[in-house]
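Hi there,

Here is the structure we talked about passing on to you. Have a look at it first, and then read on below.

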Amino acid sequence: MKMGLFGEIKKYEPCNEQEEQDKEVMLRFMERGENCLVRENQIAHFTTSIWTVNRERTKTLLVYHNIFDSWTWIGGHADGEENLRAVALRELQEETGVKNAVLLTPDMVSLEILTVDGHVKRGAYVPSHLHLNITYLAEAEESEELLINPEENTGVKWWTFEEALQASKEPWFVERIYPKLIEKCKLW
């Protein structure tokens with residue numbers, strides 16, 4: 001395991017108790033030396049999300065995720081790549097068609113450990129596990145053409161922050177994660 005991601009997480013300043021606790025768990029898990037950059041690690045592995053906002057910071061871009069059956073932020077698995085900001089931008093383009101987004105900061109803006117229930121993907125069962133998630137913040141133009149990626153989602157749409165909180169069926173995201181990201185995006 002390269003020390004780049006470990007160092008980024010170590011220097012990250014948590015904004016609340018959830019982030020403090022999750023940061024410590026992530027660092028301990030990485031110190032154990034397990035390869036947590038690949039999804040073959042069925043206990044926990046790194047993922048990345050990208051909270052994408054419009055220029056006015058009044059809307060966010062969400063996808064209707066096929067597996068989770070909910071409107072949700074954009075993201076994906078590290079799949080061995082330690083540069084999670086590059087993964088996040090690639091996932092944004094693959095899942096929404098947005099090509100011209102820019103990161104508002106090169107630094108992570110949030111971290112969280114997310115539980116994933118067992119599910120079937122491409123005909124194979126995936127056991128319940130944890131996503132060690134790092135979130136980045138991007139800006140995109142609402143006028144950019146949006147495309148659905150049928151392998152990942154059945155919808156792509158800009159939502160006001162209030163609408164986004166109502167559209168998601170994922171209680172943990174609605175109660176703890178999205179409000180935190182909405183507040184953080186006001187800093188840039």
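What follows is a short tour of a pocket, some aromatic rings and one glutamate.

Please keep in mind that this is a predicted model.

Let's begin with the largest pocket, which holds about 1,100 Å³ of space. Its lining is made up of 45 residues, and H65, F68, H77, K121 and H131 are the ones nearest the centre. Several elements give two or more residues to this lining, among them strands β1 (44–53) and β9 (129–139) and helix α5 (171–185). Helix α3 gives the most, with 5 residues. By type, the lining has 13 nonpolar, 19 polar and 13 charged residues.

Now for the aromatic rings, where the structure holds 7 pairs. W73 is in the loop between β3 (70–72) and β4, while Y178 is in helix α5, so the pair links parts that lie 105 residues apart in sequence. W73 is buried at 6% relative accessible area, and Y178 is buried at 0%. W73 and Y178 also belong to an aromatic cluster with W51, F161 and F173.

Last, a look at E19, which is found in helix α2 (residues 17–31). E19 counts as buried because its relative accessibility is 0%. Its side chain makes a polar contact of 3.3 Å with the side chain of S110. Further along the sequence, E19 also touches residues including K180 and K184.

Best wishes

Terms used: Residues numbered from 1 in each chain as written. Predicted model: local features only at pLDDT ≥ 70, side-chain atom pairs only at ≥ 80, totals over all residues. Heavy atoms only, no water. Helix = DSSP H or I, 4+ residues; strand = E, 2+ residues; numbered from the N terminus. Buried < 20%, exposed > 50% of the residue type's maximum accessible area, 1.4 Å probe, protein only. Polar contact = N/O pair within 3.5 Å; in protein donor to acceptor, adjacent residues only side chain to side chain. Contact = heavy atoms within 4.5 Å. 1 Å grid on protein atoms, 1.4 Å probe; cavity = no way out; pocket = protein on both sides within 12 Å on 5 of 7 lines; lining within 4 Å. Points joined across faces, edges and corners; volume = space filled by probe spheres on them. Nonpolar A, V, L, I, M, F, W, Y, C, P; charged D, E, K, R; others polar. Phe/Tyr/Trp six-rings, centres within 6.5 Å; stacked < 30°, edge-to-face > 60°. Lists of a residue's contacts leave out its neighbours within four places in sequence.
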